Amino acid sequence: MKKNALLLCMMLLPLAQQALAQSSYAPLQSGYYNLVHRYELLSGRWSSELGSMVRPYQREAIANFLDTLSLDDPSAADRFNLEFLQRDNWEYSDTLLETSRRPILGLFYKNQRDFLSLRKKDFEVYVSPVLHIGLGADDMEGSPYINTRGVQIHGTIDHKIGFYTYLGENQIAFPDYVNQQIRSSLTVPQEGFWKGYGDRGVDFLTARGHISFKASKHINMQLGHGNHFVGNGYRSLLLSDFSNNYLFFRINTQVWKLHYTNIFAQMTADVIGNYTGLFGTGAFPHKYFTMHRLGLDITPKIQLGLFESITYGDESGNFDFNYLNPIIFYRAVEQQGGSAGNALLGLDFRWLPAKGLAFYSQALIDEFVISEIRSGENWWGNKYAIQLGAEYMDAFTINNLDFQVEYNRVRPYTYAHEDLYRSYTHYEQSLAHPLGANFQEVVGMVRYQPIPRLQLQAKLVAAQYGGDTPDSNWGGNILLDNRTKEQDYGNVLGQGVENNLLIADAIASYQLWHNMFVELRYLNRNRQNDLLNEPETSSYTSFALRWNIRQRYFDF
């Protein structure tokens, strides 16, 4: 892969020298992107500036969207939110030049966003601290806690190259049910290498970063280490940010009403099979992932997207250069190469019938045969996933009261393959939904902002899924070899060990300073299982200070 990376850099260097004005990408933070999305819905049309439904977005694109946004009689909370977003991307905004009247020592916090900002003719650098500290209580001995300290830096060079880097040091004791999953799977949700810390905690570093540039007016390129989210929903059945960060090269092309995104990535296949790697003395085996999505603005209110991906690899670690073609049908390449990968096809759709009201959906096909579907015998290879959702902003004419409801359904054995090199996973974590496969789920969310600085959110997750035992494979665990399936026919949703999951999660956030929040949280999780004598219940309460970092979610 080192040779591949060197070749890629050599190919990109001439393009970078001709690059146009550029910006970095805004980090993936659900609350942040919820705000951007809210104003897209309230505008009554999908934004051409933001383009594709592949997040993250460029800071420049967000600023351009805000500069062209026009709302009818915005509330005090909306004015506060819009100023927050403009301030967070102020260097690209035409309507806000963020300066402070009283910088500290004449050098620090010249604006509210940046601890240190340096703007010269040939480069710009913006530095901000990252902090997330909190203490909680749950049903187990010892208190859960979070202690994250770090820094993020972004800027531009010659106004042509945008860059971003984040480094965070973490010691966290998760709620007990999350901790149990960590100990059994040897993976920390959304993270990579880790070590035990104290009686129930984990210690790990988080690092993300990228460089980006425009190869032309309509083509943007990004090389980095991070993750992505495809879709309009709370969950994504195509590609989510649930897994660990990975090396990627991304190309965004926007022409006319078309939005085309390519992602080429190197991922980690196995971590459990290499215990020496867990302690930092061996290398984990690699696999590769390629994806493209073509989006079409059918009208300013209707968007349609076509998605295709291939996950492939083997013990040799060789990269297949056939997939570097950005405009080829991956399934055809895979077949001509011997069908060595895991091919997924997807469709996404969103419709904005009125200001503040949206409907969206996703459909994914892993494998199916029409004759087997018609037979009604529930063949194991009919593997697909469906998402349906709706959003309602300023519900019932109440300012800043937003509703969202979403239904997700994934057939058994979807995303899985014959080995970890081809399963739809990275670092043994799902690249789509955290529950894997063989489940159905309903998510309901309410967000309310009664005053500008206070945000309230309540979420209810109800899921039914089929679990696997150490001696069985009913299609829920996508890490298992699908050749070990229990039966060819008669496979139904929720088969195996029946689980009924109910999670209630409520968060109150008060913004003290730009992107600095104090948060009170309560989570209750109830799981009923055929093998349990009584329901497994967990209650978690926490109080935290969060600054320039996203919330952590445990809704699985």
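## Ground rules

In the residue classes used here, Ala, Val, Leu, Ile, Met, Phe, Trp, Tyr, Cys and Pro count as nonpolar, Asp, Glu, Lys and Arg as charged, and the others, Gly among them, as polar. What you have above is a predicted model, where local features need pLDDT of at least 70 and side-chain atom pairs count only at pLDDT 80 or more, while totals for chains, interfaces and linings use all residues. Residues are numbered from 1 along each chain as its sequence is written, and side-chain values use heavy atoms, with hydrogens and water left out.

## Helix α4

Let's begin with α4, which covers residues 76-88. Helices (H or I, at least four residues) and strands (E, at least two) are DSSP runs, numbered from the N terminus. This helix is largely enclosed by the rest of the structure, because 10 of its 13 residues are buried (under 20% relative accessible area, with a 1.4 Å probe and protein chains only). Among them are F80, L82, F84 and L85.

What do the buried residues of α4 pack against? Their partners are α2 (30-43), α3 (59-68), β20 (439-451) and β22 (497-513), with contact meaning heavy atoms within 4.5 Å.

Two strands pair if DSSP finds at least two bridges between them. β20 and β21 (residues 454-467) run antiparallel, joined by 11 bridges, and they form a hairpin with 2 residues between them. Within this pair, Y448 stands opposite L456 of β21.

On to the next pairing: β21 and β22 are also antiparallel, with 14 bridges joining them. Here L454 has Y510 in β22 as its bridge partner.

## Two cavities

A cavity is a set of points, on a 1 Å grid over the protein atoms alone, where a 1.4 Å probe fits but cannot get out; lining residues have an atom within 4 Å of a point. Grid points are joined across faces, edges and corners, and a volume is the space filled by probe spheres set on the points. The largest cavity has a volume of about 610 Å³. Its lining holds 34 residues, with S30, F229, Y234, D241 and Y553 nearest the centre, and α2 supplies the largest share, 4 residues.

The second largest cavity has a volume of about 490 Å³. Of its 30 lining residues, G31, N34, L35, R447 and Q455 are the closest to the centre. Two or more lining residues come from each of α2, α4, β20, β21 and β22, and the largest share, 7 residues, is from α2. By class, this lining has 10 nonpolar, 14 polar and 6 charged residues.

Conventions:
Expected span 1.5 Å × (residues − 1). Buried < 20%, exposed > 50% of the residue type's maximum accessible area, 1.4 Å probe, protein only. 1 Å grid on protein atoms, 1.4 Å probe; cavity = no way out; pocket = protein on both sides within 12 Å on 5 of 7 lines; lining within 4 Å.
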